[in-house]
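Hello,

Here is the structure we spoke about. Please open it next to this email.

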Amino acid sequence: MTKQEKTSRPSRASEWLTASRRRFFVGRRAELELFRQALSAKEPLFAVLHLFGPGGVGKTTLLCEYARLAAEHGRAVYRLDGRDIEPSPQGFLLALSHTIDPEAPLLSLNALADLPPAVLILDTYERLTALDDWLRETFLPALPAHLLVVIAGRQPPAEPWRSDPAWRELARVVSLRNLRPEESRQLLTTLNVPAMLQEAVLEVAYGHPLALVLLADWLTLGATKPEAISLEHAPDVVHLLMQRFLQDVPTPQHRQALEVCALARVTTEALLVDVMGEEAALPLFAWLRGLSFIETGPQGIFPHDLVRDVLEADLRWRNPETRKQLYRQVRRHIVRSFWASSGLARQQAFSDLLFLQRHHPLMKPYYDWKVMGGAYNEPAAPQDHPHILAMVEQHEGADSARIAAYWLQRQPQAFVVYRGPGPQLLGFAANLLLETVTPEDELADPAVRAIWAFVRRYGLLRPGERIQIARFWMGRQAYQTPLTHNMITLNTVITWLTTPNLAWTFCCMADPAAWEGVFTYINFCRVAEADFDVGGRRYGGFAHDWRAEPLSVWNQILAERQLDLEFQPEPVHQSSPPPLMVLSQPEFADAVRRALRDFARPDRLSTNPLMRSRLIRDRYGLQADTEDLQELIEEAAKMMQGHPKDDKLYQALRRTYLRPAPSQEKAAEQLGLPFSTYRYHLSKGIERVTEWLWQQEVYGGPVSRSGEEKNRC
């Protein structure tokens, strides 16, 4: 080692620490430049520089750099930390006196004016809130103009700093934010994180300095693949970050309010009232608004992304049952908001519902969660049509654009456009609603031709029913990506939630295989039989039969599935039961008549279409047998038994099918009726049984003898 090398190395631990901190210091150019200008100015630019930001964002690190710059400019530096000061005027002056000169007596307020040009740094200012008024009104005005004060704390300055015109001029307030992506990469490189892992770390840390450092340390334990980098896999990192973020949370109730805020996309007073109760909610909401890592937007308040992720990861690990309970409470509030609103408010409520599912493995890859709620849709206006056709031609070609033009002419109301802050369209979607399909429709659009053939084969529409076809969806710049999926989901799902008499929903995709995970999650089936070609390109999609699984049942399934982060779809085997058969009303009536005729013949009943109907599956499950069908028919018939007007209809059915006489003539004779009267009663009895069973098939619940629905879904 040369003499020069020896002398260039730090000689003391403090120098070593300073050099190390400098090596790991990145970014903060604007904050550094502001401080340099204040040091160099002939006349003071301001008296107080007030920094605030959440724990771990780098306040103390920046203060160390400020101290170094001040020393380079020949300024004395007095550093105080709120954790080490008794929160009283005398305690503060004593701490300052010891910092300036440990041997000097206690400073008086009058002596402050004699201090030389210096920089006074007050760190951890949140511990000195009890002194805030005294510092602002008494201590700071007593300082000489050439002494610059830097305050750093977690909370923004109290209201008097902003409402007093003098302090608005004399103080500069800086909200310290996370590092920019390029600054984060620079820090990770300094921390020896391999380039191949840096993007995955940035996705988790959001540029938060402490999180970047902790994750870099965690990576040294062995994580080598980007997909393995997550907060769920790094509980020690979560624990340390939780300590920083929740250091000043006063009670478990305040912590729960934070957890609600982490679950919801935005939090309002109304949401907290529903979850926490009115008495607690109002002060808790005010407390949340004052936190440095909580931001305020037009729809409510929300935490910084990293804080949100850390709070959720900790809650999932620490108390999964509490998370499920809070999730259900938040979801109930949003569902009520959805149904109580319309237009843009309903769109926002739906975005809030969707956002709750962002951590589910089967949902996470299919949306751009960072911009969720950043677009809205509205009906396409005539001036939007050329832009829509240009998008289709750009992404799908001229043949597809001609089909879009056909539907713009035929169903312009099916088209919605997505808008954001700028003037240009972000994208569009077309949700066709059809009660029937004309030969012209089939000739114009191969998709509708294939889908209509599928519907005729597996579930022909009943009178008044409609099918929904999400026929086109794309963004202006990106085609069918997670970002554009944000937008299509907004319109398509609201359509199937709010359209009466909807029988089928079909979603057309350019690459259905890539979207199988999310559609499996939402209980939609891949319908390869309805695939189609346009312009030499193959398209396919997914479908849901709302008569086989009604909206109420679907909602219940999805509500519980959202809470099961381990949910994986069951593989479909060839031995799986046949799909539900959706019968038209005439087909259903014919099946009931056949079942009555074959009531005593299980071999024939087993092939009756009713065995594959929702009527049987809903009540008896997938393992239903012919005895179940017999039981259901008897139950329908006995609805008339003993009724003054209807008992004769029941007796005609009983003697003919349920406990049959040798012939219909013998049945009429046993009932003491003329044959024509017996035949009339039998016909009416069959009608009544068919009506009762049909109501169960369509609505999933029994009806009264008057035909009024009791349990419609």
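Predicted model: local features only at pLDDT ≥ 70, side-chain atom pairs only at ≥ 80, totals over all residues.

Residues are numbered from 1 along each chain as its sequence is written, and side-chain values use heavy atoms, with hydrogens and water left out.

The protein chain has 32 helices and 15 strands (DSSP runs numbered from the N terminus: H or I of at least four residues for helices, E of at least two for strands). Its C-alpha trace spans about 125 × 60 × 55 Å along the principal axes. The radius of gyration is 36 Å, whereas a compact globule of 713 residues would have one near 27 Å (taken over C-alpha atoms; the globule rule is 2.2 Å times the number of residues to the power 0.38). Of the 713 residues, 51% count as buried (under 20% relative accessible area, with a 1.4 Å probe and protein chains only).

Now the pair. Helix α19 (residues 385-396) packs against helix α20 (residues 398-410) at an angle of about 150°, and their axes are 7 Å apart (axes are lines fitted to C-alpha atoms over the stretch in contact; angles run from 0 to 180 degrees between N-to-C directions). That makes α19 roughly antiparallel to α20 (angles over 145 degrees). In α19, H385, I388, L389, V392, E393 and E396 meet A398, S400, A401, A404, A405 and L408 of α20 (contact means heavy atoms within 4.5 Å).

Regards

Conventions
Parallel < 35°, antiparallel > 145°, perpendicular 65-115°, else oblique. Buried < 20%, exposed > 50% of the residue type's maximum accessible area, 1.4 Å probe, protein only.
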